[in-house]
Amino acid sequence: MSIDIRDNPAAHRYEITEDGTRAGLVEYEITGDTITFVHTEVDPAFGGRGLAGQLVAAALADARHRDLSVLPECPYVRKVIADHPDAYLDLVPADARARYGLPAE
């Protein structure tokens, strides 16, 4: 089984594939130095394998690498950040955290 995660900037989304078949995606919008994650989905045929978590972790890592602030409009992205604040909370601007139900620190 081969997993690949790539940014598809033309489609404004990160995509995860398994053995060459797209299994899921996370859609985004970029404005200036901010990336807003708007939707995450995994095809039900690929469910239960942790692919959504891997996909969002890779997207957040790429946002960090690109020095982008993150606005987690997508509930799943918000959950990943809330579940792993030591790894991701700093990506969300402090003045925006309350809007997403995230801790201040």
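**Helix H1**

I began with helix H1, residues 51-65. I counted 15 residues and took the span from the first C-alpha to the last: 21 Å, close to the 21 Å expected at 1.5 Å a residue. I note here that the model is predicted.

Which residues of H1 are buried? I listed Leu51, Ala52, Leu55, Val56, Ala59, Leu60 and Ala63. Then I looked down the axis of H1. Its buried residues fall within an arc of 165°, so they line one face of the helix.

I also checked what comes just after H1. There Asp67 takes a positive phi of about 55°.

Next I turned to strand S2, residues 13-18. How many residues of S2 are buried? Six of the six are, so S2 is largely enclosed by the rest of the structure. I sorted them by side. Arg13, Glu15 and Thr17 lie on one side, Tyr14, Ile16 and Glu18 on the other, and all are buried.

I looked up the pairing on the S1 side. Strand S1 covers residues 3-8 and is joined to S2 by six bridges, the two running antiparallel. Ile3 stands opposite Glu18 in S2. The hairpin of S1 and S2 has four residues between the strands, and in this hairpin His12 takes a positive phi near 60°.

Then I looked up S3. Six bridges join S2 to S3, again with an antiparallel run. Ile16 stands opposite Gly24 in S3. The hairpin of S2 and S3 has two residues between the strands. In that hairpin I found Asp19 with a positive phi near 50°.

**Glu15**

I stopped at one residue of S2, Glu15. Is Glu15 buried or exposed? The relative accessibility of Glu15 is 17%, and the cut-off for buried is under 20%, so Glu15 counts as buried.

What does the side chain of Glu15 meet in a polar contact? I found the side chain of Asn8, at 3.2 Å.

I then listed what Glu15 touches, leaving out residues up to four places away in sequence. The list is Asp4, Ile5, Arg6, Asn8, Arg22, Gly24, Leu25 and Leu55. Asn8, the polar partner, is on that list.

**Aromatic pairs**

Last, I searched the whole structure for aromatic pairs and found two.

One joins Tyr14 and Tyr28, 5.3 Å centre to centre, with 50° between the planes; this pair is tilted. Tyr14 lies in strand S2 and Tyr28 in strand S3, residues 21-31, so the pair ties together parts that are 14 residues apart in sequence. I checked burial too. Tyr14 is buried, at a relative accessible area of 3%. Tyr28 counts as buried at 4% relative accessibility.

Another pair joins Tyr14 and Phe37. The ring centres are 6.4 Å apart and the planes stand at 45°, so the pair is tilted. Phe37 lies in strand S4, residues 34-42, and Tyr14 in S2, so this pair ties together parts that are 23 residues apart in sequence. Tyr14 and Phe37 are both buried.

Which residues do the ring pairs link into a cluster? I wrote down Tyr14, Tyr28 and Phe37.

Key: Residues numbered from 1 in each chain as written. Predicted model: local features only at pLDDT ≥ 70, side-chain atom pairs only at ≥ 80, totals over all residues. Heavy atoms only, no water. Buried < 20%, exposed > 50% of the residue type's maximum accessible area, 1.4 Å probe, protein only. Polar contact = N/O pair within 3.5 Å; in protein donor to acceptor, adjacent residues only side chain to side chain. Contact = heavy atoms within 4.5 Å. Expected span 1.5 Å × (residues − 1). Arc of directions from axis to C-beta. Phe/Tyr/Trp six-rings, centres within 6.5 Å; stacked < 30°, edge-to-face > 60°. Pairing = 2+ DSSP bridges.
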